[in-house]
Amino acid sequence: MTAFDPAAILPDELLERFRSRAAQVDRDNVFPEDDLADLTDAGYLGILVPTSLGGAGWGLAEASLLQQRLAAAAPATALAINMHLVWTGVAKVLADRGIDTLRFVQEGAVAGEVYAFGISEAGNDLVLFGSDTAAVPTGDGGYAFTGTKIFTSLGPVWTRLGLHGLDTTDPDHPKLVYAFVDRDDAVVTRDDWDTLGMRGTQSRTTELHGAVAAADRVVRIVDPGPNPDPIVFGIFSVFEVLLASVYTGVARRALDLAVDTAKSRRSKKTGLAYSDDPDIRWRIAEMALAYDGMLPQLAALSADVDAQADHGALWFAKLSGLKHRAVVVAKQIVDEAMLVAGGSSYFTRSELSRLYRDVLAGMFHPSDPESAHSTVAAAWLGPVAT
């Protein structure tokens, strides 16, 4: 079998185009429209869609490698398209388990639809296990959603929004409803994305004013709270793996920049190239050791999702731990790269300066450090006694 080559889908020339735009996108605080157009032309929106439906037929393991490569060139572009890939990845996870309710997502992705991820809500630390958005039955199998979603990446360009809301028609038995709505007058995208980093994602706030999901766009209705339902596992697994992939890609770029700097700078005091300075060599070795540790974790866990491995009650701990470690490692590596590069990295014209800001976004994505530690503790120690 021929080994998967990410460079065949994302060649160096394409990545250099992305990289050449990234600084201006960040400076102007705009969405990278040209990057999306190039990715669409390359068939990237369908990398997780089966070949039988016109996609590339790759699995999560291959998507992880691609997202690492893309993030090394344009982190915000990678994080934005991540949210589209989450839904196509969930569709694959469900289809692999005999559930075909997201086939329209796969077909839409191949046709050029851009899917956004509308789960996060201000102050809702339940995330997948609850919602402050009202989901009201329309009487014909559909639902009308009213509420506010935050961090909706792809804000200016998405065509369909996957979301969840709470149906309290029966207050004693509330239900979480997962569905998709189109962009129309019932959906307002605020122009409020002005952040420290990851500015190109344009992860704007989304207001839902009775946005209707037709019956055939209501994909899952589950009980709120921790739930082993395939939709919950699908979202959690794909989301965490692809997030970890993006931040691992950021780490790789920072490591590469540190190596280039060490080879090109020379000490006035010793006359040695920085690459021959024992302190710099130790620092870069530390970066490489940390980076190398992430690669087998990503490869193994993404392959396990594809292979439907049985990790039982440890699945969520493994996934949240993967994301947490990737962000911690990426931030550590970017910090070290800044020290290798010296004062020049403090200027906004430096790519490292942008990576330094971009990597900070990782701490805000689920699972955050508190949630990851809580999940892992519960997996190993059981729930807290009440």
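Predicted model: local features only at pLDDT ≥ 70, side-chain atom pairs only at ≥ 80, totals over all residues.
We begin with two helices. Helix α5 covers residues 75-96 and helix α6 covers residues 103-111. Their axes come within 9 Å and cross at roughly 135 degrees. The crossing of α5 past α6 is left-handed. On the α5 side, the residues in contact are His84, Trp87, Thr88, Ala91, Lys92 and Ala95. They meet Val105, Gln106 and Ala109 of α6. By type, the residues of this contact are five nonpolar, three polar and one charged.

Next come two strands. Strand β2, residues 134-137, pairs with strand β3, residues 143-152, in the antiparallel sense. Four bridges join β2 and β3. As one example of where the strands meet, Ala135 has Phe145 in β3 as its bridge partner. The two strands form a hairpin with five residues between them, and in this hairpin Gly139 takes a positive phi near 95 degrees.

Is helix α10 mostly enclosed or mostly open? This helix spans residues 351-359, and eight of its nine residues are buried, so α10 is largely enclosed by the rest of the structure. Buried here means under 20% relative accessible area. The buried residues are Glu351, Leu352, Ser353, Arg354, Leu355, Arg357, Asp358 and Val359. Among the elements that cover them are α2 (12-28), α4 (60-73), α5, α7 (230-264) and α9 (315-341).

Two single residues complete the walk. Ala379 lies in helix α11, residues 369-381. Its relative accessibility is 29%, so Ala379 counts as partly exposed. Leaving out residues up to four places away in sequence, Ala379 touches Ala313, Leu314 and Ala317. Trp315 is 64 residues from Ala379 in sequence, with 9.0 Å between their C-alpha atoms.

Val30 sits in the loop between α2 and α3 (33-41). At 33% relative accessibility, Val30 also counts as partly exposed. With residues up to four places away again left out, Val30 touches Val25, Arg199, Gly200 and Gln202. Tyr247 is 217 residues from Val30 in sequence and 21 Å away in space, C-alpha to C-alpha.

Note on methods. Residues numbered from 1 in each chain as written. Heavy atoms only, no water. Axes fitted to C-alpha atoms, helices over the stretch in contact; angles between N-to-C directions. Left-handed = near helix turned anticlockwise from the far one by under 90°. Contact = heavy atoms within 4.5 Å. Nonpolar A, V, L, I, M, F, W, Y, C, P; charged D, E, K, R; others polar. Pairing = 2+ DSSP bridges. Buried < 20%, exposed > 50% of the residue type's maximum accessible area, 1.4 Å probe, protein only.
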